[in-house]
Structure formats: C-alpha cells, structure tokens
Amino acid sequence: GDEAHIEPLEDLMAVYYRSVGHNSTLILGLTPNPDGLLPDPDVRRLAEWGREIERRFSDPLAATSGEGSTLELRLPSPQAVNHIVIQENIKNGERVRSYRVQAYQDGGWTEVCEGSCIGHKRIQRFETVLTDRIRLNISDATATPQIKGFSVYFVDAR
C-alpha cells in the first residue's frame, strides 16, 4: 500500500555498499501483494538498481586472485581508479583480519584505503587516484589468506 514511496536509486546504492559491500546480507523488505506479485513501480526500480550495480561492477579495470599476504594488480597504463572489490575464499573460513590497499604514484606507494574484514565481499570507495598499479597488503590473518578475487574499478557515480 505504499506504492507512492519508491526509494531513490542513490539510496538503494548506499544500502548495497553498506550491506553487500560490507560482507553482509541484503534484505530488501519488499512484500508481495495478495496475488503474490510485487507492485510494478517497485519492479521497475529494482531493475534499474540491478542495471546500476552491473554498470559499476561488471567490467573491472584489472582483476586477480591468489594466496598470501600481498597481491598486486598492474594496469596497462595509468588509469583513474576509485573502487576495489575484494573477496575471500570463505570455503576455508574468513581469515583476513586487517588489510591496506595502496596505489603506486609518483615513484612510491600511497595508501588509498584500509579495512578489517573481507569475507564474501568487501567493496571500498576512495578518492580517485591515477595509477598503473594497485596493491593489497594483508597485515593480519588467522591463516594464509586465500583471496578469491581482487579487482579495481573506476566508477562514475553520475
């Protein structure tokens, strides 16, 4: 009965970053009508949201995976970067307790973000940097880190 209230796309993206992007479950809180259907305005907004997630994260600038405390991504040339997505192989448990991400700029490494948990998926945004190398340094883990995916993106939030 609240078809007049449809969440703005930017608010839904904020929910996505705070839930999925922080190794959590996304709960939409939508209820079907008595016929078992979602209202058309909600369906249209959800489709728009899905397209926006795909636009932002379907085409990484570079991606890798591996084991150990350091992973480095090399880009073919200096590019603007402002997002990373990291995923652990959680089949063997969440191992990473803290990490830092650095970009190579002006002949040295500069920290762009840090975190304390990866798990299934961690998405981090940071100020846009121009770089041809991004490095993930895991500083604390309960066992050898198993990174299922480490990818970098430039997201134009529009």
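## Basis of the description

A residue is called buried under 20% relative accessible area, exposed over 50%, and partly exposed in between (1.4 Å probe, protein chains only). This is a predicted model, in which local features need pLDDT of at least 70, side-chain atom pairs count only at pLDDT 80 or more, and totals for chains, interfaces and linings use all residues. Residues are numbered from 1 along each chain as its sequence is written, and side-chain values use heavy atoms, with hydrogens and water left out.

## Cysteines

Cys113 is buried, its relative accessible area being 8%. Cys117, at 28% relative accessibility, is partly exposed.

Zero disulfides (pairs of cysteine sulfur atoms within 2.5 Å) are found in a search of the whole structure. Cys113 takes part in none; its nearest cysteine sulfur belongs to Cys117, 14 Å away. For Cys117 the closest cysteine sulfur is in Cys113, and the 14 Å between them is too far for a bond.

## Helix α2

Helices (H or I, at least four residues) and strands (E, at least two) are DSSP runs, numbered from the N terminus.

Asp42, Trp49, Glu52, Ile53, Arg56 and Phe57 are the buried residues of α2. Viewed down the axis of α2, they fall within an arc of 105 degrees (from the directions of the C-beta atoms from the helix axis), so they line one face. The buried residues of α2 pack (heavy atoms within 4.5 Å) against α1 (9-18), β2 (70-88), β5 (122-141) and β6 (146-153). On the face turned away from this buried side, α2 carries the exposed residues Asp40, Arg44, Arg51 and Glu54.
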